[in-house]
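Subject: Handing over the structure

Hello,

Here is the structure you are taking over. Please open it first, then read my notes below.

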Amino acid sequence: MLTVDRVRAGEAAAAAKGLNQCQMLLERGSSPYSQLLATTTLTKLISRTAQVLSLAQRVDIRNYVLSYLYNQPKLTPFVVQGLVTLFARITKLGWFDTQDEDFAFRNVITDIHRFLQGNADHCMIGVQLLSQLTCEMNQISEADANRSLTKHRKIASSFRDTQLFAIFQLACQLLRTAYESRKNLNFNDESQHELLKQLLRLAHNCLTFDFIGTSTDESSDDLCTVQIPTSWRPAFLEVSTLQLFFDLYSSLPVSLSPLALSCLVQIASVRRSLFNNAERGKFLNQLVTGVREILQSPNGLQDPNNYHEFCRLLSRLKSNYQLGELVTVDNYPDAIRLMAKFTVESLQMWQFAPNSIHYLLSLWQRMVASVPYVKAAEPHLLETYTPEVTQAYITSRLESVAVVIRDGLEDPLDDNGMVTQQLDQLSVIGRCEYGKTCQLLVQLFDQSAASYQEMIASANTTSKLDVTVQEGRLTWLVYIIGSAVGGRISFNSNDEHDAMDGELVCRVLQLMRLTDSRLAQQGCEKLELALMSFFEQFRKIYVGDQVQKTSKVYRRLSDVLGLNDESMVLSVIIRKIITNLKYWGSSEQIVSKTLQLLSDLSVGYGTVRKLVKLEEVGFLLSHHTAEHYPFLGVNVSVTEMRCRSMFYTSLGRLLMVDLGEDEEKFDQFMMPLTQAFETLGRVMMSSNSGYNSEEVRKSVIGLARDLRGLAHAFNTKVSYMMLFEWIYPQYTPILQRAMEIWLQFDVSSPNGILLFREASKIICTYGSRILNVNVPKEQIYPGKLKGISICFSMLKASLSGNYVNFGVFRLYGDEALDNSLKTFVKLLLSVPQSDLLDYPKLSQTYYFLLECLATDHMSFLATMEPQVFLYILSSISEGLNAIDTMVCTGCCATLDHIVTYLFKQVTSKGKIRRGQVIPDNDALVQVIKVRPELLQQMLSTVLNIIMFEDCRNQWSMSRPLLGLILLNEEYFEQLRDQIIQAQPSDKQTAMATWFKNLMEGIERNLLTKNRDRFTQNLSVFRRDINDSLKGPNVTTTTVNDMMTS
């Protein structure tokens, strides 16, 4: 421990020297960059996990920063920001520190008050200090990530309860003062403009604070509810608070008004339970009144930022309030009319702020979805205005086509995510007054389809541009019809609606007949994607066991197209799938969507049994070759081959329906793959160099994808054994030969002793070659680490799958197991230790494999070279602190096995003999004898996590901890004494008692009964520690520093 104290003393001395140098640089440096360097250095020093600065030093730094900012208010902005960040960081990290029985860093508003009483520059710095502090308290910085998340939440909660409301009130007070003196403000004055901007940001930061620790972000924006504390109720019951931000929006320039709207968005989202029914109605009434006034004078909404925030505000009206409450507000008819007008105009201006349309559609979607639940007597008027919104969306999308093509603009259809999102919303909106929606769609579709047919008939006299425009319009209409059909699931549809769906479906199928007839000459990729989207929606609603066979959709299909039942419709869909695979092999998007549709159809229990009776499916099962489907050939890119697995999984499911034990039928199905393997084998086993061509390489990759898909589908013993006996041993040498030639090859998990030998050969072949390959740093994962990760995964699956009795290999002198384990060691040493945790997939496969080795192959680990075992122990130590709980749990299990093994080696009859000589014939024991600090460091780490961190796997942590304590009893006693001495005098007795209780009744053995008793003691120990930490006088920083030193 003297070494630890000496190291800490040296670090403290170095920190003190660094403080003096930074202070000199701030005082004497004339360059803003030197000032920034000093500020950044101080921030890093403060943020270190092992805190080397005393409380007095940190208080001095904080006071110095405030004085420096006050005396030099004209600093360069980035220097000011750096100093403000330093102030916020030091305040947060010292939030629970006490000095003279008082919290040292909590007099925030008092300390900053003099800034707010000064001139505009001082006031702006004061507001920045409060704003940055609020942000710092709310977010998990890099400094916090290395500490306990529980401690971060305790600090944030304490700040919320003691300071945040006062800061928000101060921000509102200053904003109200600015509004009242708005006639004297000059927004062209940069200092005044910036001060107002900082004030609005401060208010916004208060309102966006993570009040309950849910860590919401912008991605969940439409679901956000602001969990305002009950103590804030008075501010929101006052009419003036909400009105203040509406007034600020109307009076501020467009450079500032979006921030006022952002605050209104948050205020509109306060939790419903903050009010009683009467208070909520009053609050909502004022909110809608403010929105209505903005809509009556919409000039400010011409600014894109204002427009976007206002759309967010509108969406919050329905996400936080019920339709039954909205209809009761004053002037609701006028408000809903103005909202509809605004929405229609926004949809028509489709090029202006397209990312904001989502919020408007969300408003109408939620209102329509609420209609069945409205019990208020007041009319909601949605049947009047919703059709206008639906029509505006549909017609504006159609009108956009010609503009996009003519002016070469970015096509909205290319943004698949946005289109899908908007159509999902429209599917609900359009179901309100569905008759009007269908009437509009039929009218527009008939017009476009007729024009398109005429243009095709007179292709020689029609410009290509006009044809492209009509195809674009039809594409939008097919997408929209698909969404309209898909909207049925959200409502209790009736026969009349089903008949309307039938009209729409007939038209799409007729269009498909027309476009398919022209595919030999040319086709429209976007229209084909729309058709796939339509079929996906149709499948969800009208295909499957749950569909009523008397549905009027099928009656209409029978009357118009002669499709009398579901089987005939399925036949049409399968023909479309075959057509797409035949003609659109060069389009990865179409092939992928088509195969996804086939996969979805092959899953349904009743549907798949109807499919296998179709001639088209029989054709698919007997003609799956590149001749019929070009995407199965070698003329496509490697990335496009990924879809082959999905294709063969679907075929496998279809084959399995009637396969049973019919090997002849299986062999007939596998014939194309058999021929491909035979051809490939002749080429790859030949002595000429033709095997190394790109064509052969792609053939191998394609076949591997095909087999992967089939293996996924053949999930019964009979079918899987058919596949296994087909591939082994006839074709596995071809796969091994491929590994000898190429590095990039994906291998499935092994099965049985013979297959393990083949897998071992592949691992060793890959390993011996990848070790000699130099890969650029930026390509290290796809070029090297991904393959190593797959090898680790294969080996782990082999060792833990109960497929193999591994004693057989050594019994008969087979080196397959030893070779694969030696290859694992070589591959592991080739990976920088930092990469193990930087790449999640690699870290998971490595740590899972390591746990497997420690569980069943400890003898192998015990005989490794010292540098290898040191590498592994170091990686375990790093893994104990991993964010991934599974990795951390795996490290605990591995460490437990290692510690248990060591304990058995150094004990006799299960008891440690103090001063016993460690056996000299065990490499692992020798490593620990030479480097005892390794296990001591792990003991410190595990104990630190259990005592002071957010330990989510306490049981797992407890298992190796007992062994570590028993192997390092003297070190544990020193550590315990140091922890106790680090506590305030009034806490030392309690801490000593907790440690005594921890080891109460614990014997010097690792038997299960003893372990379980220790785990129970540890739970009580951790609970006592956590209860103590809730008090203000525990110096957790000192304890943490000691634990990690």
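How many helices and strands are there in the chain? There are 49 helices and 4 strands. Both are DSSP runs numbered from the N terminus, with helices being H or I of at least four residues and strands E of at least two.

Some ground rules. This is a predicted model, so local features need pLDDT of at least 70 and side-chain atom pairs count only at pLDDT 80 or more, while totals for chains, interfaces and linings use all residues. Residues are numbered from 1 along each chain as its sequence is written, and side-chain values use heavy atoms, with hydrogens and water left out.

**The chain as a whole**

The chain has 1045 residues, and 53% of them count as buried. Buried means under 20% relative accessible area, exposed means over 50%, and partly exposed is in between (1.4 Å probe, protein chains only).

Now contacts, meaning heavy atoms within 4.5 Å. Take those between residues at least 6 apart in sequence: 76% of them join residues at least 24 apart.

**Nonpolar cores**

A nonpolar core is a set of buried Ala, Val, Leu, Ile, Met, Phe, Trp, Tyr and Cys residues joined through side-chain atoms within 4.5 Å. The largest one has 238 residues. Trp 364, Leu 557 and Phe 647 have the most contacts inside it. Helix 8 (residues 149-180) gives this core its largest share, 13 residues.

Which residues does Leu 557 contact, leaving aside neighbours within four places in sequence? They are Val 505, Cys 506, Leu 509, Phe 538, Gly 562, Leu 563 and Val 569. There is also a second, separate core of 91 residues. Tyr 766, Leu 821, Leu 842 and Val 942 are among its members.

**Aromatic rings**

The whole structure holds 30 aromatic pairs. Rings of Phe, Tyr and Trp (its six-membered ring) pair if their centres lie within 6.5 Å; planes under 30 degrees apart count as stacked, over 60 as edge-to-face, and the rest as tilted.

Start with Phe 677 and Trp 726. Their ring centres are 5.6 Å apart and their planes are at 75 degrees, so this pair is edge-to-face. Phe 677 is in helix 30 (residues 663-684) and Trp 726 is in helix 32, so the pair ties together parts 49 residues apart in sequence. Phe 677 is buried at 1% relative accessible area. Trp 726 is buried too, at 9%.

Phe 677 also pairs with Tyr 731. Here the centres are 4.8 Å apart and the planes are at 20 degrees, so the pair is stacked. Tyr 731 sits in the loop between helix 32 and helix 33, so its pair with Phe 677 of helix 30 ties together parts 54 residues apart in sequence. Both Phe 677 and Tyr 731 are buried.

One aromatic cluster is formed by Trp 95, Phe 159, Phe 165, Phe 168, Phe 209, Phe 211, Trp 232 and Phe 236.

Arg 397 sits over Tyr 393, 4.6 Å from the ring centre. Arg 609 sits over Tyr 605, 3.9 Å from the ring centre. The test is NZ of Lys or CZ of Arg within 6 Å of the ring centre and within 35 degrees of the ring normal.

**Backbone details**

Which bond joins Tyr 728 and Pro 729? It is a cis peptide bond, with omega about 5 degrees. Pro 729 is in the loop between helix 32 (717-727) and helix 33 (732-741).

Asn 331 has a positive phi, near 60 degrees, and is not a glycine. Asn 331 lies in the loop between helix 15 (323-326) and helix 16 (332-348). Its relative accessibility is 43%, so it counts as partly exposed.

Leu 381 also has a positive phi, near 65 degrees. Its place is the loop between helix 17 (357-370) and helix 18 (382-407). Is Leu 381 buried or exposed? It counts as buried, because its relative accessibility is 18%.

Best wishes
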